[in-house]
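Morning, everyone. Let me put the structure up, and then I'll walk you through some helices and salt bridges.

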Amino acid sequence: MNLINDQLKETIKLLIDLKEYYDAVLENSPPGTLTSQTKNGHEQFMHLYYEGERRIRSGITKDANTQKQLAQKEFAQRADSILSENISILENAMAEIRPFDPDKILRSMSKSYSKLPEEYFFDREKLVTDLHLPEEEKTRILRHREWGKQAFQASTYHPEWKKHRTSRGLKMRSKSEVLIMEKLYHYGIDVRYEQVWDFGDDVLAPDFTFEGEDGQLFCWEHLGMMDDPRYAADNYRKLMKYYNHGFVLGKNLIVSFDRCGTIDMKLIDFIIQNRIIPRL
């Protein structure tokens with residue numbers, strides 16, 4: 001969430017849309033300008049334009065349509081000039097301004113601080129509410145946070161296997177899952193661990209479930225010990241269950257792996273930044 005730059009982008013987009021509208025007005029406007037004079041106490045309007053080198057002055061006092069077109073043209077010319085200048089200023093500002101990104105600020109802090117929950121640093125809901133974000137963006141962020149607070153059915157499968165604990169006290173099955181969850185905490189992402197999805201014939205409990213921008217859920221399975229043939233075969237069957245229930249890699253299913261008993265946190269960070277955050 002890059003708040004200042006996001007707002008600048010929205011503002012620039014609005015200005016560009018307005019400029020395109022006024023460009024179209026100018027493109028469809030008649031040539032020349034409007035002028036007027038008072039004669040015998042009555043206002044008379046004229047249309048001034050050129051045909052080649054010939055200057056033409058045509059009376060349009062009774063031609064309201066041409067008056068309106070020339071008035072819109074004059075307004076559009078002035079608006080277009082202001083919009084062009086402001087777009088240029090804001091685009092230059094985006095190149096110079098230091099982004100205000102709460103998540104990035106958190107990531108820049110020392111390791112000691114990274115162990116603390118996000119709410120110790122700032123109130124995300126208040127931050128979003130107080131900022132002049134577009135209502136759609138504000139609604140999306142707050143809805144996602146509200147989703148993260150809701151109760152859900154978590155897997156009760158072999159709870160004794162959950163021997164590892166995150167900095168927020170959540171028990172998990174593997175050290176790799178803990179490392180991923182800590183990274184998700186670090187980014188301030190709301191996530192559900194092992195949420196149960198009951199399809200009747202199958203019950204799935206993805207490692208991590210997220211709510212997408214459109215309100216649709218998607219999930220992330222992290223598979224360890226893929227060098228163990230039996231483990232790999234079990235997880236192949238699990239992935240086929242996902243496929244049978246409409247979960248597709250690259251669409252609403254993300255899969256990552258441990259490699260020879262190790263986890264690549266650089267890859268995990270890439271997945272979060274490029275596969276998770278853009279969809280929230």
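Some ground rules. This is a predicted model, where local features need pLDDT of at least 70, side-chain atom pairs count only at pLDDT 80 or more, and totals for chains, interfaces and linings use all residues. Residues are numbered from 1 along each chain as its sequence is written, and side-chain values use heavy atoms, with hydrogens and water left out.

How confident is the predictor? Confidence is lowest in helix H5, residues 124–130, at a mean of 69. It is highest in strand E6, residues 192–193, at 97. Where pLDDT is low, the predicted coordinates should not be read in detail.

Which residue does Lys 183 pair with in a salt bridge? The partner is Asp 269, with the closest N and O atoms 3.7 Å apart. Lys 183 sits in helix H7 and Asp 269 in helix H9, residues 265–276, so this pair links distant parts of the chain, 86 residues apart. Asp 269 counts as buried because its relative accessibility is 18%. A salt bridge means a side-chain nitrogen of Lys or Arg within 4 Å of a carboxyl oxygen of Asp or Glu.

Now the two helices themselves. The axes of H7 and H9 come within 11 Å and cross at roughly 45°. Axes are lines fitted to C-alpha atoms, for helices over the stretch in contact, and angles run from 0 to 180 degrees between N-to-C directions. H7 and H9 are therefore oblique to each other. For the cut-offs: under 35 degrees is roughly parallel, over 145 roughly antiparallel, 65 to 115 roughly perpendicular, and the rest oblique.

Stay on H7. It covers residues 175–186, and its 12 residues should span 16 Å at 1.5 Å a residue. The expected span is 1.5 Å times one less than the number of residues. The end C-alpha atoms are 16 Å apart, which agrees. Buried residues in H7 include Val 178, Ile 180, Met 181 and Leu 184. After H7 comes Gly 188, with a positive phi near 70°.

How many salt bridges does the structure hold? There are 12. Take Arg 143 and Glu 211, whose side chains meet at 3.5 Å, N to O. Arg 143 is in helix H6, residues 135–149, and Glu 211 is in strand E9, residues 208–211, so the pair ties together parts 68 residues apart in sequence. Arg 143 is partly exposed at 31%. Glu 211 is buried at 8%.

Next, a local pair. Arg 237 and Asp 234 form a salt bridge at 2.4 Å, N to O. They are three residues apart in helix H8, residues 229–244, so about one helical turn separates them. Arg 237 is partly exposed at 48%, and Asp 234 is partly exposed at 39%. Elsewhere, salt bridges that share partners join Lys 19, Asp 23 and Asp 80 into one network.

How values were computed
Helices (H or I, at least four residues) and strands (E, at least two) are DSSP runs, numbered from the N terminus. Buried means under 20% relative accessible area, exposed over 50%, partly exposed in between (1.4 Å probe, protein chains only). pLDDT is the predictor's confidence in each residue, from 0 to 100.
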